[in-house]
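Subject: Structure handover

Hello,

Here is the structure I promised to pass on. Please open it alongside these notes.

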Amino acid sequence: MNHLAIHNPATGALITTVVADDAATVADKAERARAAQAAWAATPLAARKACIERFAVAVRAELEPLAAIMTRETGKPIKMSRNELNGLMGRIDFFLGAVDATLATETVFADGGMTEQIDHTPLGVVANISAWNYPWFVGGNVFVPALLAGNAVLYKPSEYATLTGLAMARLLHAAGVPADVFITLVGEAEVGAALQAQPIDGLFFTGSHATGERIAKALGPRLVKLQLELGGKDPTYVCDDANPQVAAESLADGAMYNTGQSCCSVERIYVHARIHDAFVTAFLATVNSFKVGDPAVEDTYIGAITRAPQLAVLEDQVADAMAKGANLHCGGHRLPGPGNWFAPTVLTGVNHSMTIMQEESFGPVIGIQKVASDAEAVGLMNDTRYGLTAGVFTPNEARARALLAQVRAGTVYWNCCDRVSPRLPWSGYGDSGVGLTLSTYGIQTFTRPKAWHLRQA
Ligand code: NAD
């Protein structure tokens, strides 16, 4: 029997060891999901909704212990764990409110004896291979609408968020979702690879570009519906007419929230030369106010780095920037353990020859680059293989709209950042992925439109 050891990234201590899947148990679970899916799809939507409503009530009732589990296994500051669970409630409310209209059969043509209709049938058995940084958000974005739409879900939490994934299954089952309609698979990469090899009708992946590319190559020839929600190198431009203090406070939070481990973290900042120095001063003051420490403590803002190998990535990015002439204002190094810690790091004098302005950092590390014009800023914002989010700070809405219209990103922000709404689609350009979650499109994506041509005899 395989086992998975789960460690606390803030202390390095072993939390527990759980039974993990292997190729045989993955195949067995996939078969069980296949056998159970048709009955779930035939269950009235109102009954499926009732299960998700009960699930939300149960999550709310257990919010504190669930937040504590997430904090222990990921190193996420406890307040942010609570924020995530509360945010999940809003997403569930959106899906419950939107699902009837979104899945309703549409009559698109009716003339004499001829009627044309579209209905939305579930994909069938869908796999969800998920990330650890927001396990409830990125998991819930998939399993809530997928279940509502009548699919069975094979859910593989990240090996860094396994206890959270097991809690999701427990609560969904207690809420009435049949045991074989939502099944958790426990393990590391090889369990994900075994899952993707099963006869599935869709694979919804959230994680790194490297893994997404590997999955796409394996799945391509099988013509299975594939969605990839991958990384980003999200830029924000602060225009010369912006309030540097306001922009700095917002962007420091956008860059460092969740210890910089958000797919939509602000990863690059461009500031017009006219306000650059005032912005940097205010930015540093905000970053210096962030409390680094035990994620279980109430006022901690910067917690642990969840995956130990990321520490070397951050060190390399800082070293590369320094070697090429960047100025280091704070941090730039690991903090003493036990556990995985990296000091909040701010660099200026950066440019696009540096990996810190090209590759996802995924940590509390940010580069700030001075620019001379809007055109230069737009050129730099688009100088990336990614395209998840991008933002502009200026009081001038027309200027912001004109700039953001030119930026290749799935989500754009005016005077805000690091924000996700259940009402809006979440998608990326380029290496940030294919497909989407959230919004009514993020319900339809778990269905197949079926075209009906109906002629009265
Ligand atoms: P990861 O790619 O290391 O792992 C993601 C999942 O894939 C895990 O469950 C892992 O076990 C599994 N996996 C790894 N190798 C596999 C393989 N060969 N075959 C099948 N499955 C495999 O990513 P991560 O470290 O968990 O997440 C961080 C990344 O996720 C960042 O790049 C972040 O930007 C991205 N992310 C994107 C979004 C988004 O909405 N676009 C949201 C959250 C995170």
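Below are notes on one strand and on the aromatic rings.

This is a predicted model: local features need pLDDT of at least 70, side-chain atom pairs count only at pLDDT 80 or more, and totals for chains, interfaces and linings use all residues. Residues are numbered from 1 along each chain as its sequence is written, and side-chain values use heavy atoms, without hydrogens and water.

Start with strand E15, residues 389–393. Strands (E, at least two residues) and helices (H or I, at least four) are DSSP runs, numbered from the N terminus. Five of the five residues in E15 are buried (under 20% relative accessible area, 1.4 Å probe, protein chains only). Thr 389, Gly 391 and Phe 393 cover one side, Ala 390 and Val 392 the other.

E15 pairs (at least two DSSP bridges) with strand E10 through three bridges, in parallel. Val 392 is the bridge partner of Tyr 237 there. Four bridges join E15 to E16, also parallel. The chain gets from E15 to E16 through helix H13, residues 397–405, in a right-handed β-α-β crossover (clockwise from first strand over helix to second, with the strands pointing away from the viewer).

Now the rings. The whole structure holds twelve aromatic pairs (ring centres of Phe, Tyr or Trp, its six-membered ring, within 6.5 Å; planes under 30 degrees apart are stacked, over 60 edge-to-face, the rest tilted). Trp 132 and Phe 362 are edge-to-face, 5.7 Å centre to centre with 75° between the planes. These two residues lie 230 residues apart. Trp 132 counts as buried because its relative accessibility is 11%.

Best wishes

Methods
Buried means under 20% relative accessible area, exposed over 50%, partly exposed in between (1.4 Å probe, protein chains only).
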